[in-house]
Structure formats: structure tokens, C-alpha cells
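Please look through the sequence and the model shown here before reading the report that follows.

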Amino acid sequence: MINASPMGLQPNDPLPIDPARLAAGALVADIIMKPPETPLLKAAAQRGHATYRGILMFANQIRLYADFFGFSDALSKIGWHEDEFLRR
């Protein structure tokens, strides 16, 4: 299940779906980057579901964005490394 809605950006947002309704073994992903672990991801993890944080999506796509918009050299100049970004 992928949450592509803005629900989760604000601390008091309701969950976009009831995690109890997810099929066993469902992966739950959230495109929201901040907070890193949204209430949806926390609730899904508590029920035993694998989760995927939005910041991982960003880190894995930034090089593609830079290539598309012609900024590949800029990433090299600033020493962009996905793995270092994710350790922060």
C-alpha cells in the first residue's frame, strides 16, 4: 500500500487507511519524507508489515532528477552520495 496523500504531514492527521485492513504480508510505503517515520508506518510496523520511508524514495531518485533537469554535474561537484545522505 502506498500513501501518496498529504495525510501524515501534520501530527494530528488521521491515518489514510486502517492498518488492520491490510492483507498479511503487505508492504506499506509512504512518500512523505518528514517525519521520517509517519504514524501510518509506525502503525503498520506494529502490525508486522514491512515499511518503506519516503526519504528512501527521494534519495534513490535525486540522481534521476538531476540527470533529467541537466544538473548531473552539480551532484558531482557537491559530492552527493545517497548512502551518506541516508545516514543523517
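S5 is placed in the loop between β1 and β2, where helices (H or I, at least four residues) and strands (E, at least two) are DSSP runs numbered from the N terminus. With a relative accessibility of 23%, S5 counts as partly exposed, a class that falls between buried (under 20% relative accessible area) and exposed (over 50%), using a 1.4 Å probe and protein chains only.

This is a predicted model, in which local features need pLDDT of at least 70 and side-chain atom pairs count only at pLDDT 80 or more, while totals for chains, interfaces and linings use all residues. Residues are numbered from 1 along each chain as its sequence is written, and side-chain values use heavy atoms, with hydrogens and water left out.

The confidence in each residue is given by the predictor as pLDDT, from 0 to 100. The mean pLDDT of the protein is 87, and 95% of its residues reach 70 or more. Confidence is highest in β2, at 96, and lowest in helix α4 (residues 82-86), at a mean of 70. Where pLDDT is low, the predicted coordinates should not be read in detail.

Two further residues are also partly exposed: A20, in the loop between β1 (2-3) and β2, has a relative accessible area of 44%, and F58, in helix α2, has a relative accessibility of 24%. The table pairs S5, A20 and F58 with residues elsewhere in the sequence.

| Pair | Separation in sequence | C-alpha to C-alpha distance |
|---|---|---|
| S5 and L75 | 70 residues | 29 Å |
| A20 and R47 | 27 residues | 7.7 Å |
| F58 and L27 | 31 residues | 18 Å |

Helix α2 covers residues 54-69, and its 16 residues should span 22 Å at 1.5 Å a residue, which agrees with the 21 Å between its end C-alpha atoms; the expected span is 1.5 Å times one less than the number of residues. At Q61, α2 bends by about 40°, the bend being the angle between axes fitted to the seven residues ending there and the seven starting there. The buried residues of α2 are G54, I55, L56, A59, I62 and A66. After α2 comes G70, with a positive phi near 80°.

In the loop between β2 (27-30) and α1 (39-46) lies P35, and the peptide bond leading from K34 to P35 is cis, with omega near 10°.

The structure holds one cavity of 30 Å³ or more, a cavity being a set of points on a 1 Å grid over the protein atoms alone where a 1.4 Å probe fits but cannot get out. The largest cavity has about 30 Å³ of space, a volume being the space filled by probe spheres set on grid points that are joined across faces, edges and corners. Its lining residues, which have an atom within 4 Å of a point, include M7, D13, D30 and L40.

Methods: On a 1 Å grid over the protein atoms alone, a cavity is a set of points where a 1.4 Å probe fits but cannot get out, and a pocket is an open set with protein on both sides within 12 Å along at least five of seven lines; lining residues have an atom within 4 Å of a point.
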